[in-house]
Amino acid sequence: MGKLIVSLSPHAHGNETVEKNMFGVVIALIPAILVSFVYFGIGSVIVLMSSVAACVFFEWAISKYLLKVEPTVSDGSAIVTGLLLGMNLPSNLPVWIILIGALVSIGIGKMSFGGLGNNPFNPALVGRCFLLISFPAQMTLWPLPNQLTRYLDAETGATPLQIMKTAIKEGDPSLLDQLPDSMQLLLGSNPNLGLGTIGEFCALALLLGFVYLLWKKVITWHIPISIIATVFVFTGLLHIANPAYADPFTEILSGGLLLGAIFMATDYVTSPMNHKGQLIYGIAIGFLTVVIRNWGSYPEGMSFAILIMNGFTPLINHYIKPKRFGRVHVK
């Protein structure tokens, strides 16, 4: 006979499940995945399949043989972690490095804290940042698009973020003329630059996924919009003050900002629980992203900004609390 669980009112019922939300994220990623196959070909297929397979295997193996618990791979969270890790990697990354990233994501970023629901940091970003620090050369070689049959020997080029970083360093606004225009960044259609990781170069595909997630109520608008708005405001002010800084539309459509804002900063476990806290969290991520991009060592700051704010999520949840229902009278 099942236990009757009694909790304080108000009682809310819904049809949401972990599996439903996780596979909703997978569906939302499909446009970006398909576009990556078109532009990067076999390299994108190898990286994404390797990442997903490795994450699922490591979660199953760690659950079964180390933690001695029932494996939870059927909930879809390992698939999402694998996809997000893969989409944060270049399409020419060797498989052995991908396996290390998957092990770090699942083994350190997730299972060492007790599995789904207990991890304080986004597992995919833990793996991505570990690889970026451990293998900086391999993680910063960006293949040019439209090399469908090439993998490890793909031609590489500078990304828009690297050009923007150089323009700031040299104080030369003319360097920004090399950048694609906003429409090319939206479509990911510039063949002359390395357009970054597998999942970041076509903003339109990511925005389609965003619309789907909002439609299905998998996420709310608060975190993504607060991040994008904050980046727009701060980069706009910088651009007005000094034309060597790129305009806000270029900043938003370049790099992993949309991928991070839509699919990783919104992770249920590592983001604040209420809307006010989510707005504070999103504003802080946007601000840190601008600071790291423009004055840090790496051209991209989105991953580090999200991980930093993941660490502040418990504090935000503690101090930004929703109003209680009812009132307690103490005599």
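**First stop: the largest pocket**

Begin by selecting Met22, Val80, Leu116, Asp267 and Tyr268, which lie nearest the centre of the largest pocket, among the 25 residues that line it. Next, colour α1 (18-40), α3 (77-87), α5 (123-134) and α12 (257-264), the elements that each give two or more residues to this lining. The space here is about 390 Å³, and the lining has 16 nonpolar, seven polar and two charged residues.

This is a predicted model, in which local features need pLDDT of at least 70 and side-chain atom pairs count only at pLDDT 80 or more, while totals for chains, interfaces and linings use all residues. Residues are numbered from 1 along each chain as its sequence is written, and side-chain values use heavy atoms, with hydrogens and water left out.

A few terms: on a 1 Å grid over the protein atoms alone, a cavity is a set of points where a 1.4 Å probe fits but cannot get out, and a pocket is an open set with protein on both sides within 12 Å along at least five of seven lines; lining residues have an atom within 4 Å of a point.

**Second stop: the second largest pocket**

Now select Val218, Ile219, Thr220, Ile223, Thr266, Tyr268, Ser271, Pro272, Met273, His275 and Gln278, which line the second largest pocket. About 240 Å³ of space lies there.

**Last stop: the largest cavity**

The structure holds four cavities of 30 Å³ or more. For the largest, select Trp142, Thr159, Leu161, Glu200 and Glu300, the closest to its centre of the 19 lining residues.

Technical notes
Points joined across faces, edges and corners; volume = space filled by probe spheres on them. Helix = DSSP H or I, 4+ residues; strand = E, 2+ residues; numbered from the N terminus. Nonpolar A, V, L, I, M, F, W, Y, C, P; charged D, E, K, R; others polar.
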